[in-house]
Amino acid sequence: MNIQILELIEGAQAAKGLTVIIDVFRAMTVEAYVIQNGAADLIPMGSIDEAYAYRDAHPGTILMGERGGAKCPGFDFGNSPSAVKNVDFTGKTVVHTTSAGTQGVANATGATEMLTGALVNAKAIAEYIKNSGAEDVSLVCMGLAGKESTREDTLCAEYIKALVEGTPIDLQKGVEECKQTSGAKFFDPNNPIFPEEDFWLSVEANKFPFVLHIEKGPDGLMHTIRK
């Protein structure tokens, strides 16, 4: 098994084989909570305008997402796990668009199979990879807006790879590094769009025992599916 760690939009474009789109802060963490809380359908989209158009055609759709970390205008939710962790999405269709995670989904056209990637379900992802029989595995760290490397995403990729290969890794040390680098914004009281609770929810490793597949449906759209 060849496991490669790739980064950013160009990494998504280069991905092949079984591909994991990683966005710890916060898109793929949010998607895990939304699925856990009962969403009937979760649709990752690259464009805000696509999201508006989908809701116009399908009244009752919940729009969720951000640009620059802030909730998109007219959306029901931003991209905050603390805002959705206790929300009941049973029977709801949720459209999700973000600056990094969903852009990775849109750009990973060479993937033969696609999963979301986050620390909250990292062990389940690693177990899936080990049992997949895949020759090529691409772990794609989407970073900040798909343009700048971030420690939390590289940590998640390193952790998944270590779990698959059975090699040791100091996850707690990595979390501390995140606090001092790309996660520092969550500890800035003058930056309310990044609440501190989101940091802790996002680095809570292995909270969920499932993987999330991203598959193209008969409607031509991507859908996030719990398996």
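Glu215 is partly exposed, with 28% relative accessible area (buried means under 20%, exposed over 50%, partly exposed in between; 1.4 Å probe, protein chains only). Salt bridges that share partners join Arg151, Glu158 and Glu177 into one network. The model is predicted: local features require pLDDT of at least 70 and side-chain atom pairs pLDDT 80 or more, while totals for chains, interfaces and linings use all residues. Residues are numbered from 1 along each chain as its sequence is written, and side-chain values use heavy atoms, with hydrogens and water left out.

Side chains of opposite charge can pair when their charged atoms come close. A salt bridge is here a side-chain nitrogen of Lys or Arg within 4 Å of a carboxyl oxygen of Asp or Glu. The search of the whole structure returned eight salt bridges.

One of them links Lys227 to Glu215, with the closest N and O atoms 2.7 Å apart. Lys227 lies in the segment after strand S10 (222-226), and Glu215 in strand S9 (residues 212-216), so the pair ties together parts twelve residues apart in sequence. Helices (H or I, at least four residues) and strands (E, at least two) are DSSP runs, numbered from the N terminus. Lys227 is exposed, at 53% relative accessible area.

A salt bridge also joins Glu165 and Lys161; the closest N and O atoms are 3.0 Å apart. Both residues lie in helix H7 (residues 151-165). They are four residues apart, about one turn of the helix. Glu165 counts as partly exposed at 42% relative accessibility. Lys161 is also partly exposed, at 23%.

Arg151 pairs with Glu158 in a further salt bridge, and here the closest N and O atoms are 3.2 Å apart. Arg151 has 22% relative accessibility and counts as partly exposed. Glu158 is partly exposed too, with a relative accessible area of 32%.

His223 is found in strand S10. This histidine counts as buried, at 9% relative accessibility. Its side chain makes a polar contact with the side chain of Asp41 at 2.7 Å. A polar contact is a pair of N or O atoms within 3.5 Å; within protein, one must be able to donate a hydrogen and the other to accept it, and residues adjacent in sequence count only if both atoms are side-chain atoms. A polar contact of 3.0 Å joins the side chains of His223 and Asp219. Not counting residues up to four places away in sequence, His223 touches Asp41, Leu42, Ile43, Pro44, His213, Ile214, Glu215 and Gly217 (contact means heavy atoms within 4.5 Å).
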